Amino acid sequence: MPMLFAICYWLEHTSIGTAVRESTWLFPTIETIHIFGIILLVGSTSILDLRLLGWAFREDSVSKLARRYLPWTWAGFVIQVATGFLLFSSEATKMYDNPSFQIKMLLIVLAGVNAFVFHMLAYRKVATWDDAPVAPLSARCAGCFSILLWFGIVAAGRWIAFI
Amino acid sequence: MHDFGEWLEHISWVTTIANTAWLYTSISVVHYFTLLVMVGSIVLLDLRVLGVAARRRPLTQLAEELFPWMWTAFGLAIFSGFLEFTTDAGDYLPDKVFRVKMTVIFLAVMSAIVVQRGVPKWGQLPAIPTSAKVIAFVSILLWIGSILAGVEIAALSGLG
């Protein structure tokens, strides 16, 4: 049995995994928190992404928006990882085989890479383009990829239930 | 009522949606995005009324920005939700969890209207009245309830 599958199997049979799976109210409640976490996480990243694209919030400097909203992005991310892990543990072996779940995880990694690259490159020099309504090309690309990736992650997440 | 549900299910475009997996799933994804925008908008405004979020923005200005998004998303959520509903109308109509969801959404929308009508008055006062904060708090609870009821349909009734 592959190692990863064995871990999923073990996770499913922990008391937490079992509790979430067998309770009629625990899974839906955690799922509801996960949905509100989406609003927090994707809402805050979208605000920044729209600013990078120059489509909204142009009266605010990029660094001001980043300072104001990235803490919420991190808070949302923590909530999503925690609730997501609980949901995952209740049906880990099913998720192991689910292509929509796999795509979702891959897109999350790509979203992280995109954010990292943006912070290492364009954002390092943000002082030079902070107030410009039109950001440098690499910043606009980062904003575009970010929106596409996060919307893709939400769609893939919803799609999981249908496979 | 059961006959009405069955009749809906057998309309030609409804059976097409029901039998085309990617189409049904896409409609479900659209429903998801629209409810995220709708609930996000109204809950953010309610949190502003409560004085917990977006305190730098004047209440009336925030409301003016958010309500168009909220109601547009609501219209799309109703539309996409209706399409999902028709594919299994005969089973949804008598379902208790579905009925609870519709009731909670109705109450949540009523609370949103109360907030929308109250904001112009509240924004003009030196401080937002306690009654307004109670309404905003109840509104948040109702929208949380509507999402919980939505996910419970699949969990308890196996529908959707």
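Predicted model: local features only at pLDDT ≥ 70, side-chain atom pairs only at ≥ 80, totals over all residues.
Biologist: Which kinds of element make up chain B, and in what numbers?

Modeller: From the N terminus on, the elements of chain B run α-α-α-α-α-α-α. The C-alpha atoms of this chain fill a box of roughly 55 × 25 × 25 Å, taken along the principal axes. The count for chain B is seven helices and zero strands.

Biologist: What is the mean pLDDT of chain B, and which ipTM does the predictor give the complex?

Modeller: In chain B, 100% of the residues reach a pLDDT of 70 or more, and the mean is 95. For the complex, the predictor gives a pTM of 0.95 and an ipTM of 0.94.

Biologist: Which element gives the most to the side of chain A that touches chain B?

Modeller: In this pairing, 15 residues of chain A are in contact with 16 residues of chain B. Helices α3 and α8 of chain A each supply at least two residues of the side that touches chain B. By class, this side of chain A has nine nonpolar, four polar and two charged residues. The element that gives the most to it, with nine residues, is α3(A).

Biologist: Which element gives the most to the largest nonpolar core?

Modeller: The largest nonpolar core has 47 residues, of which Met38(B), Val39(B), Ile42(B) and Trp143(B) touch the most other members. Elements of both chains give two or more residues to this core: α3, α6 and α8 of chain A, together with α3, α4, α6 and α7 of chain B. In soluble globular proteins, nonpolar side chains tend to be buried together. The element that gives the most to this core, with nine residues, is α7(B).

Biologist: Which residue of chain A is in contact with Val39(B)?

Modeller: Neighbours of Val39(B) within four places in sequence are left aside here. Within chain B, Val39(B) is then in contact with Trp143(B) and Ile147(B). Its contact in chain A is Ile39(A).

Biologist: Is Trp159(A) buried or exposed?

Modeller: Trp159(A) is found in helix α8 of chain A. Not counting residues up to four places away in sequence, Trp159(A) touches Ser100(A), Thr25(B) and Val29(B). The C-alpha atoms of Trp159(A) and Ser100(A) are separated by 6.2 Å, although these residues are 59 residues apart along the chain. Because Trp159(A) has 21 C-beta neighbours inside 10 Å, this residue counts as buried.

Biologist: How many residues has helix α4 of chain A, and what distance does it reach from its first C-alpha to its last?

Modeller: Helix α4 of chain A covers residues 62–90, which is 29 residues. At 1.5 Å a residue, 42 Å is expected, and the helix comes close to that value. From its first C-alpha to its last, α4(A) reaches 40 Å.

Biologist: At which residue does α4(A) bend?

Modeller: The bend in α4(A) is about 35°. A proline, Pro71(A), follows within four residues of the bend. The residue at which α4(A) bends is Tyr69(A).

Biologist: Which helices are included in what covers the buried residues of α4(A)?

Modeller: The buried residues of α4(A) include Val62(A), Ala66(A), Thr73(A), Gly76(A) and Phe88(A). What covers the buried residues of this helix includes, from chain A, α1, α2, α3, α5 and α7.

Biologist: Where is Phe57(A), and what is its phi?

Modeller: Most residues other than glycine have a negative phi. Phe57(A) is in the loop between α3 and α4 of chain A. With 16 C-beta neighbours inside 10 Å, Phe57(A) counts as partly exposed. Although Phe57(A) is not a glycine, its phi is positive, at about 60°.

Key: Residues numbered from 1 in each chain as written. Chains lettered and ligands numbered in written order. Expected span 1.5 Å × (residues − 1). Bend = angle between axes of the 7 residues up to and from the residue. Buried ≥ 20, exposed ≤ 12 C-beta atoms within 10 Å, placed from the backbone. Contact = placed C-beta atoms within 7 Å. Nonpolar A, V, L, I, M, F, W, Y, C, P; charged D, E, K, R; others polar. Core = buried A, V, L, I, M, F, W, Y, C linked by C-beta atoms within 7 Å. pLDDT = per-residue confidence, 0-100.
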